[in-house]
Amino acid sequence: MIKFYLSPSLTLYLFLHFYLSINFVDITFVPVLVVAFSTASYNPNDFFASQTLLFLLMKEVLKYVHNSLKDIDPNDIGSTLKELANLFPNAVTFSSSFSYEDQVITDFIANNASEISIFTLDTGRLFPETYSTWNSTNERYNVKVKAYYPNHGLLQDFIQDKGPNSFYESLENRKSCCFIRKVEPLKRALAGNSVWVTGLRAEHSPERQHLSRLEWDDANQILKYNPLLHWTTEDVVEYIRDNNIPYNILHDRGFISIGCQPCTRAVRPGEDFRAGRWWWEDASKKECGLHIKQ
Ligand code: SF4
């Protein structure tokens with residue numbers, strides 16, 4: 001029985017492996033392949049087989065990308081972005097929340113690889129200062145950052161059932177709110193893309209110190225490029241200042257990680273990076289679900 005289900009997946013994988021080795025398959029097929037394997041994984045008899053094959057395929061893709069980037073200095077963000085945009089035409093996207101880090105990356109994209117799309121998740125609960133930064137960014141770089149909004153029906157039912165500020169009442173409500181306003185729209189924003197550029201930095205949390213600049217994001221089934229992973233806060237601030245980049249003025253008022261208005265506060269000297277996010281919760285549970293390691 002298992003053999004019967006394994007066979008089509010194995011045949012497909014061997015074909016791709018062979019094709020990858022010889023011709024370097026058009027890598028923009030990656031999302032299609034991921035969907036194909038994920039669909040296969042819904043069959044319980046093929047679950048482990050398809051997961052293993054998916055893992056092997058992703059190893060192959062990562063090898064191909066690393067090989068394509070081998071002559072580029074990993075610290076050369078502009079050239080890396082450009083090469084990724086060439087390898088994955090119209091399939092590299094950047095998620096910006098208009099934070100310090102994201103403004104640096106927008107600057108690199110605008111100056112080196114403007115074909116990379118930029119999107120933001122407008123939760124509907126952002127600070128007015130964040131909207132101002134969004135506006136200044138559009139003007140400065142002559143771009144139109146694409147906004148993704150929460151699903152209307154999901155949000156309406158949630159607010160009707162729980163009320164507008166239920167995230168303060170329980171971890172479950174907070175995670176539901178983050179799922180509706182961020183996680184689900186993110187899935188839509190990433191659909192059809194092969195590479196997701198992010199502003200993650202190792203300094204931000206102990207979990208992020210284990211990330212790689214280029215890695216496979218299992219939760220979202222996409223390659224992730226974290227160009228500023230090893231930058232310090234001083235590096236980021238200096239780059240913003242030297243290049244006169246528009247930034248969220250809340251950073252000047254003690255805000256470090258800026259998210260939704262009701263869930264973000266300024267951080268006091270000596271406090272952790274993430275202390276200003278969901279401050280009423282246990283520190284180990286402070287992720288919104290956008291960057292989950294599985
Ligand atoms: S950060 Fe707060 S308001 Fe924003 S989506 Fe999460 S729980 Fe909701």
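Predicted model: local features only at pLDDT ≥ 70, side-chain atom pairs only at ≥ 80, totals over all residues.
For the protein as a whole, the mean pLDDT is 85, and 78% of the residues reach 70 or more.

Now the overall layout. The protein has nine helices and six strands. Of its 294 residues, 36% are buried. If we take the contacts with a separation of 6 or more, 71% of them are between residues 24 or more positions apart.

Next, the interior. As a general point, nonpolar side chains in soluble globular proteins tend to be buried together. Here, the largest nonpolar core has 39 residues. Those with the most contacts inside this core are Leu81, Leu84, Val92, Ile109, Ile116, Val195 and Val197. Which elements supply at least two residues each? On the helix side, they are helix 3 (47-68), helix 4 (77-87), helix 5 (100-112) and helix 8 (171-190). The strands that do so are strand 1 (92-95), strand 2 (117-121), strand 4 (195-197) and strand 6 (222-225). Domain 1 (8-68) and domain 2 (77-285) both contribute residues, so this core lies between them.

Setting aside neighbours within four places in sequence, Leu81 is in contact with Phe108, Ile109, Asn112, Ala113 and Ile116. There is also a second, separate core of nine residues, and among them are Leu126, Phe158, Cys178 and Ile180.

Cys178 comes up again at the ligand. How many residues surround the ligand? There are 13, and the closest are Cys177, Cys178, Arg181, Cys260 and Cys263. By type, the shell around the ligand divides into seven nonpolar, two polar and four charged residues.

Where does Pro269 lie? Pro269 is in the segment after helix 9 (233-242). Is Pro269 buried or exposed? Pro269 counts as exposed, because it has 5 C-beta neighbours inside 10 Å, and the cut-off for exposed is 12 or fewer. Gly254 is 15 residues away from Pro269 along the chain, and the C-alpha atoms of the two are separated by 8.4 Å.

Definitions and conventions:
Residues numbered from 1 in each chain as written. Near = placed C-beta within 6 Å. Nonpolar A, V, L, I, M, F, W, Y, C, P; charged D, E, K, R; others polar. Core = buried A, V, L, I, M, F, W, Y, C linked by C-beta atoms within 7 Å. Buried ≥ 20, exposed ≤ 12 C-beta atoms within 10 Å, placed from the backbone. Helix = DSSP H or I, 4+ residues; strand = E, 2+ residues; numbered from the N terminus. Domains from an automatic or database assignment. Contact = placed C-beta atoms within 7 Å. pLDDT = per-residue confidence, 0-100.
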